[in-house]
Amino acid sequence: MVVRTRYAPSPTGRMHVGNLRTALYEYLIARHVGGEFVLRIEDTDQERFFEGALDIIYRTMEETGLDYDEGPDKPGDCGPYVQSERVTEGIYMKYAKMLVEKGEAYYCFCTKERLESLKTTVAGKEIMLYDKHCLHLSKEEIQANLDAGMPFVIRQNIPNEGTTSFFDDIYGEITVENAELDDMVLIKSDGYPTYNFANVVDDHLMRITHVVRGNEYLSSTPKYIRLYQAFGWEPPVFVHLPLITDEEHHKLSKRSGHSSFEDLVEQGFIPEAIVNYIALLGWSPEDNNEIFSLKELIEKFDYTRINKSPAVFDMVKLRWMNGEYVKTMDYDRYKEMALPYVKQVIHKELDFDKILELMKTRIEIFPDICEKIDFFEELPDYDVEMYTHKKMKTNSENSLEVLEELLPILEKQEDYSLDALRDVITEYTVKKEVKNGVVLWPLRTAVSGKQSTPGGAFEIMEILGKEESLRRIRIGIEKLKNC
RNA sequence: GGCUCGUUGGUCAAGUGGUUAAGACGCCGCCCUCUCAAGGCGGAAUCAGGAGUUCAAUUCUCCUACGAGCUGCCA
């Protein structure tokens with residue numbers, strides 16, 4: 001039997017990294033064994049739906065490379081793939097009524113007020129267990145209510161005795177008392193199915209073999225199992241995933257800012273790095289590798305190695321991983337992604353390629369570029385103290401001496417390429433019989449005005465060019481003379 | 001409150017009835033070096049606690065603690 005998984009997001013906003021990881025694992029489980037991956041839109045909550053959400057889903061799937069075989073925009077034989085369209089076709093109501101026929105579900109006409117009165121507060125939390133009030137309505141009463149146009153919901157009928165068990169491929173066997181299970185709503189009063197019901201019906205109809213979802217559904221899965229049993233359907237394999245949390249070990253929230261895929265991309269992260277990183281949140285390969293392309297993940301992904309405990313989303317490690325991707329990225333793509341940041345701070349005519357080359361091993365995310373290259377644009381107003389460096393054995397006296405001696409040499413020098421500069425300056429250093437640092441520390445300080453820079457004096461001078469380099473050296477000489 | 005799940009360094013994690021308990025990020029140090037990176041080398045740091053089973057428990061069982069999730073006409 002062909003493995004089929006599905007990603008079933010609700011179009012309510014940006015895609016959370018938790019949801020994205022679920023999508024990723026669903027994709028990998030299917031692809032690893034040559035199975036099929038389906039995208040289904042669960043828009044049964046009309047209140048939370050918002051317009052652009054669908055586009056976000058399509059775009060995210062596209063950018064992360066999670067291609068699906070069937071979905072709203074990829075017709076298959078299980079359509080439609082949008083639940084609101086399936087509502088229109090009457091699919092859920094039909095199955096709900098089947099359950100009513102079997103006595104596995106029932107009409108409920110309880111008002112909001114009555115439901116409200118069922119609520120009790122325990123330990124500061126409001127809880128409500130439906131009392132099966134409407135289960136005992138007679139056929140005639142139900143028909144009368146229906147004829148009168150009374151609003152209704154359809155509830156699942158779960159007995160108060162016995163237990164329900166299921167086997168989860170990650171968490172093992174789980175059993176709960178039926179009495180703990182509420183008679184959940186299957187069809188809402190607006191005629192839409194609840195997530196719980198639509199999920200079971202669609203997973204069955206779409207021949208989903210592996211239901212992969214977050215841990216938060218683990219404790220309600222017995223209700224689903226009862227639904228499968230009520231229909232007489234074979235339940236799928238369940239794969240519940242450990243939660244992803246923030247540093248405080250709480251479920252990632254939309255407010256934390258770094259938690260959606262789009263937010264991360266906006267912050268300068270590379271889609272592949274994000275995918276790579278989240279793949280490792282809750283799963284690890286057999287070997288010790290950590291850098292995987294999507295293709296390699298498909299190859300390596302053995303879902304039985306998913307672990308049970310929640311994982312903290314660590315921005316620091318994501319940044320590191322992004323840096324690894326930057327370092328190995330081919331230059332053209334790197335340039336395309338990085339250049340905008342260079343242009344943000346540099347408005348002069350400089351060799352952007354040379355600057356970009358310097359940055360490639362020095363950044364983790366693209367915005368890091370900005371603060372590292374500002375000195376190319378303009379020489380900062382630095383402190384003369386910077387010329388004094390104990391380890392380099394430099395101070396304001398010998399720095400001044402070096403710069404003054406170097407100035408005429410550099411004025412004469414026409415070729416400001418890296419190698420030429422190195423040759424001429426090394427020649428000076430050798431003749432003077434001093435360490436490189438004695439010459440290069442003051443030089444670098446003068447041309448950059450910074451304590452630390454990407455690249456050294458040669459690289460910086462090559463990029464700045466003769467005129468600007470000399471101008472900066474003269475400024476350095478002035479500073480040193482006046483101290 | 002009830003139910004369900006979880007607990008290996010700060011974080012991601014491997015692993016097993018007997019191991020010096022991998023590896024990665026981060027941190028610290030050293031090397032390289034004109035600075036910063038990159039790269040190389042090294043270091044500190046972990047089996048939540050308590051009983052039990054056993055010759056032996058991080059590993060198996062139970063209890064406790066802690067954490068999380070669910071307890072919606074949200075998904």
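Two residues are in contact here if their C-beta atoms, placed from the backbone, lie within 7 Å. By that rule, and leaving aside residues up to four places away in sequence, Leu118 touches Met128, Tyr130 and Asp131. The structure is a predicted model. Chain A has a mean pLDDT of 94, with 99% of its residues at 70 or more. The scores for the model are ipTM 0.94 and pTM 0.94.

**Leu118 and its surroundings**

Leu118 sits in the loop that runs between helix 5 (112-117) and strand 4 (120-122). Leu118 counts as partly exposed because it has 13 C-beta neighbours inside 10 Å. Ala105 is 13 residues from Leu118 in sequence, and the C-alpha atoms of the two are 20 Å apart in space.

Ala105 stands opposite Gln156, a residue of strand 6. The sheet concerned is open, has three strands in the order 3-6-9, and pairs them in the antiparallel sense. Its edge strands are strand 3 (105-108) and strand 9 (185-187), each of which pairs on one side only. From one strand to the next, the twist averages 40°. Strand 6 (residues 153-156) is joined to strand 3 by four bridges, again antiparallel. In general, strands of a sheet pair through backbone hydrogen bonds.

**Helix 6**

After helix 6 comes Gly149, which has a positive phi, near 75°.

**The surface near RNA strand B**

How many residues surround RNA strand B? There are 63, and the closest are Ala123, Ser309, Asn436, Ser452 and Gly456. Elements that give two or more residues to this surface are strand 5 (125-127), strand 8 (172-177), strand 13 (311-312), helix 12 (315-328), helix 18 (436-448) and helix 19 (457-481). Helix 18 gives the largest share, five residues. The table divides the residues of this surface by class.

| Class of residue near RNA strand B | Count |
|---|---|
| Nonpolar | 24 residues |
| Polar | 22 residues |

Key: Residues numbered from 1 in each chain as written. Chains lettered and ligands numbered in written order. Predicted model: local features only at pLDDT ≥ 70, side-chain atom pairs only at ≥ 80, totals over all residues. Pairing = 2+ DSSP bridges. Axes fitted to C-alpha atoms, helices over the stretch in contact; angles between N-to-C directions. Buried ≥ 20, exposed ≤ 12 C-beta atoms within 10 Å, placed from the backbone. Near = placed C-beta within 6 Å. Nonpolar A, V, L, I, M, F, W, Y, C, P; charged D, E, K, R; others polar. pLDDT = per-residue confidence, 0-100.
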